[in-house]
Amino acid sequence: MNETRRRRRGNAVFWAGALLIAAFVAIAVIGPMVFSSSANGIDPLNARKSPSLSNSFGTDGFGRDILARVITATRLTLLLTFGASIISFAAGTFIGVVVRLLGPRLQGAILQVNAVAVAFPALILALVVAAILGPGSTSAMVAVGIAGIPMYIRLTSTLAAQVVNEDFVRIAELQRVPRVVVAIRHVLPNVAIPLSVAAANSTAFTLVELSSLSFLGLGVQAPEYDYGRLLNEGLAEMSSQPWGVFGPSIGMVALGLGILLFGDGLAAMVDPKMSAPQGAITRFIEKVKSGTRTSTRSTAEPEPAVAVENLSIGTISEAGDRHTLVNGVSLHIAPQEILGIVGESGSGKSLTAMSIAGLAPNGLWRTASGMRIRETDMLNRPAPSVLARTVSLIYQDPMSTFSPSLRLESQLGDVFREHMGWDRDRIHRELLEALTSLSTPNPERVLSQFPHQLSGGLLQRCLIAQALLLDPELLIADEPTTALDVSVQADVLRKIYRFRAESGASILLISHDLGVVEELCDRVLVMYRGEFVEELTPAQIRTRNVQHPYTQRLLDATLYLEAAREGGDR
Amino acid sequence: MNASSTRLASVIAVLTLALAGCVGGPATDSDTVRARFSADPQSFDPAKLVGSDDYYASRMLFDTLLRYDDDGDIVGGLAEDWDFDASGGTVELADGATCTDGTAIDAAVVAESLNRFASPDTQSGSKILVFGNGDVTASAKDSNTVEISLSEPFSELDAGLTMVASGIVCPAGLEDLDGLSSGSVPDAFSGPFTLASATSGVEYVMELRDDYDMWPDFVSRLDGRPPERMSFSVGSDVATNANEVLGGSLDVAGVSPTDTERFPNVALVYIGEQYIVFNQHDASPFQDEDLRRAVARTLSGEAYNEVTYAGRSEVEYTMGDSGMQCANTDEGLVEEYDREAVQAEGLLEGVEMVYSASNSFGPNGIGAEYVYQELSDAGAHVDYQIVDNSTWASLVLGPDAPSWDITLFGTVNQTNTLWTGVSRIMGAPIEDGGRSMSRADNPEGEQLADEIMRTTDQDEKCATYQELQQNFLERVDVVPLTASVEVFALADGIQYEPPNSRMDYTAVRVAD
Amino acid sequence: MTSVHSTVEGRLGHGVPQRLIPAWVGTPWAWFLTRKLGTLVLSFVFLVIVTFSIVLLIPGDAARAAAGPDASLEVVEATRQTLGLNDPVWQRFLTYVGDIFSGTLGTSFRVGTVSEQIAVRAPYTLVVAGASIVITLVLAFILGVGVTVLTRNGRRTWLAQAFSWVTAVIDAVPVYVRGTLLIILFALTLGVLPAGGAQQPSSYVLPIVALAIGPVCSLSRIVRREAESALQANYIRTTEGWRLSGRVVYLKYLLPNVVTAALTLSGLMLSGMIGGALVMEQVFSWPGLGTSVVNAILTRDYPVIQGTILVLGMVAVIINILIDVALAAVDPRHLQSRSDA
């Protein structure tokens, strides 16, 4: 969704940050050349003067111009901040990657020790290192740099752990590529991007930490000065020389802000999920009702349970250009009928199904001239409790369908609690019964567990059991077996079959797998580029009696896969 | 403006009101004066005092035999009369002095206390300033007379006995030295206050003794009454101190000398003096008197005063302020400030030197920075070692002579004498058990110093001191800068005139 | 683990075992707590070694610092002997370890034992840091989730923008400047709160606010980011399929998952607060462990340096372990394998 939009926003933030940083770098390069004489030339008898035309921020205890000093201090501030960050980053990343290449024993020990180091407050660590090295700019930089290392070790080794387990690293290791080469060639490039995002954020922290050290008297010492030391000097004389505090504060906040924005922008560009979606989406209008509402339903046929007429779905750009994803489709499902929709991903089949359930993603427009499930007019914004009992859904990835932090019973029960007014006992009893009726072993245990403790097949079965209790008019199953092991696929399909037998609801099955559809469905619609191109019976699929070339290609692909699978088994 | 910040603001406001509401404003208890130590006193044993806060605390708890009055003259404290020469003398005690537990402070008590202080086992760092280098014996001649004898000549005994470190510790304290040190022996005190409670880092409460009646004349003449109680919290940040005095949560506290405009009511206290000392060891460039002179010409006491103390301190022309006995006040004896000339003549151009300084002078060590700035402006190649006070002390006062060439020295002049400074450049060097850090080859000066130690007549002594000051100022063994001062801000209704401008909380008075 | 234990584990999942039946042996919680105990012990050993090494490395002469600048070299040497600084390193280490297990943590070079000093000062630091941590957690979640929900689907763009900018700006201000500004506003201008010291209960307000406000900003940014991505999660879509009300969705489904994600990231920040407390204490002349350790470093009071840093380090480790336990209680997946991420 809207990824480009977010990236663009990420870009704007990124460039704002980059521009700010660039401005500071420019000041750092040019400032000392221009201002060093007024910043460093002492004139003690002209000390602590109020702001004037020649000294717009006033003068300090040596009679030096505060503004010139703030500008000149930029160089050392940048050098120390980036220096410390580079120390943390370089050493931390290096150790982090190397650790991953060590044997498991040593690796575990080092990471444990590192975990302690990470937990230790960085400022205290820096304080100690600064005390050992003696106060001064270099030792402050080294101290803050060292204090930041454990964090990078942890981050790098965690990221590297994910990469090390990936195939290309495994293959490289099988080929006896030396570990160091693996680290440099394969591991580093793959952890580089998330690391740089973290680096940007921690650099802002480094800036503040360096100045805190200066504040405690262990940081930069005269005659050198950075923002932190200027601030510290300023605080003592704040009442008479407020600009001694304001000047470096402004510099520090602006620089910190620049670095933070840079990091946020970088994060948004790399991972759109990490950036907050902004305003643009509001301009997408969801038009539930639109177009002519003339009924095109033929009265001759038996009353279908589900009737959708002329459903179109699409996106709209910021400029107002519409792009159609689903183009005027219509479908009917009889009671107890299982209708399949097949098509490749992006053909619009899930969009169609979700729109029928009233759950289309945000930011899309929809129009339809009619959409009805039994007595419920889906275009007329039905009440949530009606919707909950009209349509049930089964999703593709059972593992992510449930909240990881709640027990199954609690999650499955909410819909009954909220829309059917059942109490806890009844929910428990009914769910047990439903699970038992789907011949689930040890249903009591299933209900008391967390999603990660159960298999995908069991989770899907839970949703089916829930649907049994809700007794909906329509069950939408969106690729219910795709994420499952082959061994349990058949079982889940059987349960859906059983559901149909027991409930009398209509079923809409979405799949890209013709094999599944052929086994389960009474009727199949083939979707291609947002339109239904062909309607088939299971028999037609079995006998490969199809018209449209796209359907033909789908069938070929299935055969090829089946052959491959069978070949692989042997 | 925006929901998040207004919400945050309102939460903070509610919290603030809730917590503020349950206690009301700052407690104003007119019987208690709230002051602040910059660090925890390290010991309540006067013999063991090290930092200035130890000194301030012990001054309240222990009375000395002698003391300075507000004119800088030595007057009686626990003593009524005294008669000293270079090898010791006798002290007549005043009547009526008692310890906290009522024990009379007689000659035996005093002798025992002085012997304990001077004993090598006590390891007091201050002993050398009170009694000189030799062995000390104090004995009770009769119940009112103490006799002190010194094995090496030392003419500054009267000034030495004004020093808080020599304060009289009552028998109860001598029996429990650990308790004395931690302040847990309530009967150890001989001064006007007792230590009512000591909570490290948090609060120290001193209570005025009901039965105390030994106020020196100049103190009892002060307006107002002494506070029933003084409570000391701990904090070293002068900006916070200033804020607290303004905000009403402190009554007396040290503030930055650059931050006095906000306070109508301030007291200036002299701590010691600051000067440049040259290390004249074999490898030092400063064996050369011309180089020392060039350095002196490029440093200005006025500028140093302006930078370090916003001009509130006193420029000195010797190792003591103008109020000190025998101190030189003749500006002509110090080199004239002429940085342009030194730069023009290139006198210090390319001279390599190790300049070691502590970062404790002026806001953020700005005093040390001034000296560095002038030296480098004059073209010297300065290896600038700016360190904290502990590192500086172990470097400059350690046995390793060649580790530095020039330093900015700041004394805590507890005896308020020239001798405290003079003994840093005369006599035995540190590595031989003395105090001298300059290692100068100055037989003439040594001769004069020796003479001073043997002279007890005040006028004669001052004449010799003047010769000595002329000697070391001409040789430029030191470059005097300013007095070390501290500025105390006072709340309304608090009066504080430090006697002789020396720190003494017993002179704090509350206006009625 | 076997299925027998799994049922037990399920029952224990609420955080604390209800009854310590023998069956807890071998349960995931038992394993988990054992591992955490291991971390605690390891951290302790590590910190003991590190704190001991620190004082060997700090330059400056502790004996000179203890004896004072006026002391003769002889007195300095005698002091050195008394303080035990002439002992060989291994003996000093054994003394240190002995002092730790005797509970005194050694005797200060100045007055009293280290544990006495810490006992007096620790409450001041822990109350302020603890209150700030609680305030940070509560406020950051309210703000972060609140702003996310309020700005969901591109509503109230101005709020999203304002939130980002305000939090970033406050976050970029160092704690001592924030503290000073608070003092100027509340103590000097409004006169409602004391500017420093710890003499009255109201003295606690400004230090806590000064310490908490930064982490509130940075953690609420993290919470918001996590909440944004949690809102995209499939299980939220599932609740939409169940047509649950917003209240249930946000409180029951969104919040716990945001809490786990944000808590994972907040461990560092919270132990960092102990470090922030150090600076804050300086600004407010606060009698906590921070001012104590800074003074100890300046006066080379080795036992106090060692003991205080050991205690601060252990507090930080314990905070992190508590966070792990809280995580495991909220989301049992953390029981099984908490990677080092």
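View 1. You'll find B:Glu497 in the loop between strand S17 (494-496) and strand S18 (508-510) of chain B; helices (H or I, at least four residues) and strands (E, at least two) are DSSP runs, numbered from the N terminus. This is a predicted model, where local features need pLDDT of at least 70, side-chain atom pairs count only at pLDDT 80 or more, and totals for chains, interfaces and linings use all residues. Residues are numbered from 1 along each chain as its sequence is written, while chains are lettered from A and ligands numbered from 1 in the order in which they are written. Setting aside neighbours within four places in sequence, B:Glu497 is in contact with B:Leu222, B:Ala267 and B:Ala507; contact here means C-beta atoms, placed from the backbone, within 7 Å. B:Glu474 sits 23 residues from B:Glu497 along the chain, and their C-alpha atoms are separated by 36 Å.

**View 2. Helix H14 of chain A, residues 424-437.** The buried residues here are A:Ile427, A:Leu431, A:Ala434 and A:Leu435. Looking down the axis of H14(A), they fall within an arc of 95°, so they line one face of the helix (the arc is that of the directions from the helix axis to the C-beta atoms). An α-helix has 3.6 residues a turn, so residues three or four places apart point the same way. The buried residues of H14(A) pack against helix H13 (408-419), helix H15 (443-448) and helix H16 (456-470) of chain A. Turned away from that buried side, the other face carries the exposed residues A:Asp425 and A:Arg429. After H14(A) comes A:Ser439, with a positive phi near 45°.

**View 3. The hairpin of S10(A) and S11(A).** Strand S10 (residues 523-528) and strand S11 (residues 531-536) of chain A run antiparallel, joined by 5 bridges; strands pair if DSSP finds at least two bridges between them.

**View 4. Where chain A touches chain B.** Chain A brings 22 residues to the contact and chain B brings 24 residues.

Methods:
Contact = placed C-beta atoms within 7 Å. Nonpolar A, V, L, I, M, F, W, Y, C, P; charged D, E, K, R; others polar. Expected span 1.5 Å × (residues − 1). Buried ≥ 20, exposed ≤ 12 C-beta atoms within 10 Å, placed from the backbone.
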